Amino acid sequence: MHAWNVSVLSEATSDTEPTLLVDFGVAKYVFNAGDGTGRAWLGSHHSFRKTKALFATAAGTQRCGGVSGA
């Protein structure tokens, strides 16, 4: 059986957009990285280890603005 987990790294607030982390144990995938994602990630208990890819649901700063800071 394959175990996986979805975590919300950041939710929609005045300065962040929703960012999801899907963890399969051997690999992690990030969906969207709006402004404030790096700050939210550092404040969480998640690590960057095993992160394989970033998927953006739209092009623009709302979904990709945190890539440089993540």
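**View 1. The contacts of Phe24.** Phe24 touches Ala3, Trp4 and Tyr29, not counting residues up to four places away in sequence; contact means heavy atoms within 4.5 Å. The structure is a predicted model, in which local features need pLDDT of at least 70 and side-chain atom pairs count only at pLDDT 80 or more, while totals for chains, interfaces and linings use all residues. Residues are numbered from 1 along each chain as its sequence is written, and side-chain values use heavy atoms, with hydrogens and water left out. Although Phe24 and Ala3 are 21 residues apart in sequence, their C-alpha atoms are 6.3 Å apart in space. Phe24 lies in the loop between strand S2 (19-23) and strand S3 (28-31). Helices (H or I, at least four residues) and strands (E, at least two) are DSSP runs, numbered from the N terminus. Phe24 counts as partly exposed because its relative accessibility is 40%; buried means under 20% relative accessible area, exposed over 50%, and partly exposed in between (1.4 Å probe, protein chains only).

**View 2. The open sheet of four strands.** The four strands follow the order S1-S2-S3-S4, with mixed pairing; two strands pair if DSSP finds at least two bridges between them. Strand S1 (5-10) and strand S4 (51-55) are the edge strands, each pairing on one side only. From one strand to the next, the twist averages 20 degrees; axes are lines fitted to C-alpha atoms, for helices over the stretch in contact, and angles run from 0 to 180 degrees between N-to-C directions. In a regular strand the side chains alternate between the two faces of the sheet.

**View 3. The pairing of S1 with S2.** These strands run antiparallel and are joined by five bridges. Asn5 has Asp23 in S2 as its bridge partner, and Ser10 has Thr19 in S2.

**View 4. The hairpin of S2 and S3.** Four residues separate S2 from S3 in this hairpin, and Gly25 in the turn has a positive phi of about 90 degrees. The two strands run antiparallel, joined by four bridges. The bridge partner of Leu21 in S3 is Val30.

View 5. Asn32 is located in the loop between S3 and helix H1 (37-42). Its phi is near 70 degrees, a positive value in a residue other than glycine. Asn32 counts as buried because its relative accessibility is 9%. Lys50 is located in the loop between H1 and S4, and the phi of Lys50, a residue other than glycine, is positive, near 70 degrees. With 40% relative accessibility, Lys50 counts as partly exposed.
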